[in-house]
Amino acid sequence: MNAIGSPISRVDGPAKVTGAATYAADFAIANLAHAALVQASVPAGRIAAIDTRAAEAAPGVLAVMTHENTRRLPWHPRDPRPGVDPKSGERLHPLEDDLVRYDGQPVAMVVATSEVEARAAAELVRVSYAPTAARTRFDPAYGHEPSAATAKAGRPGDTARGDPEDAFTRSEVTVDVPFVQPREQHVAMEPHATIAAWDDEGGLTLYDKSQWVDNVRTEIGLAFGIDEKRIRVISPFVGGAFGSGLRTWPHVAMAALAAERVGRPVRLALTRRALFTNTGYRPRTESRIRLGADRDGTLSSIVHEAIGQTSTYEEYAETTLTPTRQLYACENVATHYRLVDMNVNTPSPMRGPGAATGQLFLETAMDELAQALGMDPLDLRLKNLAERDPDSGKPWSSKALRACYEQAAERFGWADRPRDDAARTVGHERIGSGMASAFYPAHRSKARASVTLYANGGAMVQAATSDMGPGTYTALSQVAADALGLPLEQVRVEIGDTALPQAPAHGGSITMATLGNAVANACSRLREDLGVENGGDLVAALGGRDSHRAEGSSSPGKEAQDYESAAFGAIFAEVRVDPELGTVRVARLVGGYDVGRVVNPKLARSQCIGGMVQGIGMALTEEALFDERLGRVMNANLAEYLAPVCADVGALEAFFVESDDRIFNPLGVKGLAEIALCGVAAAIVNAVHDATGLRLHRVPVTPERIV
Ligand code: MOS
């Protein structure tokens, strides 16, 4: 009996497509009131006056909350800060002072008996501002080194191995490539929403869109100065997040404040427009990379500078330059990372945080180097394949990147790609082919899980983790089914609730390497408790009892001391460009991935083709357009922020090379989420160059940039 490795459809699929799945805003809570935000319309300044009279007199309004009438929360700092939070600065304390830090910041909140009334009354709040000078231009001249705390958290200002500057000067072939990745937004289907309900004893229940319910509980406990044991956070379904649900955003505290004020449960559902400035985004990042190589293609020097944006109140930093240090064998590598503070809300992780951006820079530059060398871009990658981690010198716990390159190239038909003019031209269009590597470090964390066996032969797996879409429900069911020797249909999974055993962030591609092992461990404990060997009858061992529950856990071992672990991939793109219209169609993408053991090939493929679609967006359509004069995102809606739609997507093929990493963790998985985005945009941009000869050095590659 092997559930692991089977292409099982999502166990939560029927609930999702029939509307039975309850997302944060869907919970039917008695006596529910609704909150709506009033957002700042200047990027910096002070609130000079707020006139709330018209709003207060509007139908259904229960309260209008501003900094003038909202209590100050204790906001006890959390030390150490969770991994997803900026290491320096202070989180936004909404409605606590008159300072405006960015356009879109909440400056007032209306609570009413219905959502329509709350939103209508919010329009009636009159705010006047005393604006001050705002930093709304991304100016590299303001770039500063990350703080010591940020550097310590793996985002150092400067790193070097060897003598890259000297080696660059001596290199036989060099390229020097600038590049701009603009601000991108998560634009998940489900908007963020929180329902807050206080009970008579001062306990708080939060229904929140979250990738990390335990973190929300801790943060809100600290913010309100109450014991976190009195808080329960529930988030059983998440309609996509891509990282936007990792932090505890200000609106969660605001929902709890509103419920406290009106003495009723309150729902605060962010509008699509508010999502752009009240949750995070992928920060604009500008790059300059210099590559040097010998004539035979051996990399002799890499010098990579990147500058990312952050807010004025928190220092958010990314691991943008990690791939530069680890992807290729090169003795002389320097990275320089800087940050620019701006009057914007704080960025946050977004799928492949840092890495996807960094690989766009690195992999487009590698394409330029291949051209300068007159070398096949694939041969250049193979020539510089890192057999050990070039940064630490440690061996990889597993690495099948060569197989990814070779098998994906074969499936794509890379060797036979059209190269002469006639073969490249089809009607109005030019065919272009490009490729890139993909890389994402693999991590695991600590988690607990429980499994309960019932006399009817059913089993229940419980853990606080979320499932934002990759298939946690399904994959954990598969792990438990195999570990208990039960048919998959007899295993149920309950997640997304702080009442369940503690789990880490559902992010950073760590869920299966972490929770998967905790569930397997809980199942082993259950067997031990009942004294049943593999293949034995667990139900009979219950001996007439209704059920038996066992808890298990998993935490990183010593593997990271001796090994580096990462997921790898190779991606090939074929585009069709109409040089007169400037349109780019992605005709085909082929990705081969080394992600360790694949628990569910169907969901794993979904994860990868989802990443490909997001990569098409990164390459061709997505940009949060920021008006420097206003300090405002101008396209904060789904009509003008262009996420790719079906018509933008050609044939997608994702497959997995032989891989099973038992050094990294007992289950052998490496993690599959971020890797699916890494390299995709670079492969497409490289293919656009192949079709047109253009090096655009900026995404998205929109028609006006081509013509
Ligand atoms: Mo992912 S950015 O870790 O949700």
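How many residues does helix 14 have, and how far does helix 14 reach from its first C-alpha to its last? I come back to that in point 7, after a walk through the rest of the model.

1. Ground rules. This is a predicted model, in which local features need pLDDT of at least 70 and side-chain atom pairs count only at pLDDT 80 or more, while totals for chains, interfaces and linings use all residues. Residues are numbered from 1 along each chain as its sequence is written. Helices (H or I, at least four residues) and strands (E, at least two) are DSSP runs, numbered from the N terminus.

2. The unreviewed UniProt entry carries the annotation "domain: Aldehyde oxidase/xanthine dehydrogenase a/b hammerhead" for residues 18–133. UniProt positions are given in the numbering used here, feature names are shortened, and annotations may be inferred rather than shown by experiment. Over residues 18–133 the chain is 11% helix and 32% strand, with 51 Å between the end C-alpha atoms.

3. An open sheet of seven strands runs in the order 3-6-1-13-10-11-12, with mixed pairing; two strands pair if DSSP finds at least two bridges between them. Strand 3 (61–66) and strand 12 (231–234) stand at the edges with a single partner strand each, so one side of each has no neighbour in the sheet. From one strand to the next the twist averages 20°. Strand 3 pairs with strand 6 in the antiparallel sense over five bridges, and V64 has V110 in strand 6 as its bridge partner. Further along, strand 10 (residues 193–198) and strand 13 (residues 266–269) are antiparallel over four bridges, with A269 of strand 13 as the bridge partner of A193. Although strand 3 is an edge strand, five of its six residues are buried, so strand 3 is largely enclosed by the rest of the structure. (A residue is buried if 20 or more other C-beta atoms lie within 10 Å of its own, exposed if 12 or fewer, and partly exposed in between; C-beta atoms are placed from the backbone.)

4. Helices on that sheet. Helix 3 (residues 115–122) lies across strand 1 (33–39), strand 3, strand 6 (106–112) and strand 13, at about 25° to strand 1. Helix 7 (residues 250–262) lies across several strands, including strand 10 and strand 11 (204–208), and runs at about 35° to strand 10. Axes are lines fitted to C-alpha atoms, for helices over the stretch in contact, and angles run from 0 to 180 degrees between N-to-C directions. Two residues are in contact if their C-beta atoms, placed from the backbone, lie within 7 Å. A274, in helix 8 (residues 272–278), is in contact with L37 and Q39, leaving aside neighbours within four places in sequence. A274 counts as buried, with 20 C-beta neighbours inside 10 Å.

5. Strand 8 runs antiparallel to strand 17 (residues 333–342), joined by four bridges, and A160 stands opposite A334 of strand 17. S287 of strand 14 counts as buried, with 25 C-beta neighbours inside 10 Å. Beyond four places in sequence, the contacts of S287 are P178, F179, E305, A306 and F361.

6. Helix 12. The 12 residues of helix 12 (residues 401–412) should span 16 Å at 1.5 Å a residue, and the end C-alpha atoms are 16 Å apart, which agrees. Its buried residues are L401, C404, Y405, A408, A409 and F412. Seen down the axis, the buried residues of helix 12 fall within an arc of 115°, so they line one face of the helix; the arc is that of the directions from the helix axis to the C-beta atoms. They pack against helix 11 (377–383), strand 24 (566–578) and strand 25 (583–594). Just after helix 12, G413 takes a positive phi of about 85°.

7. Helix 14, as promised. Helix 14 (residues 472–484) has 13 residues and reaches 18 Å from its first C-alpha to its last, close to the 18 Å expected at 1.5 Å a residue. The expected span of a helix is 1.5 Å times one less than its number of residues. G485 follows helix 14 with a positive phi near 70°.
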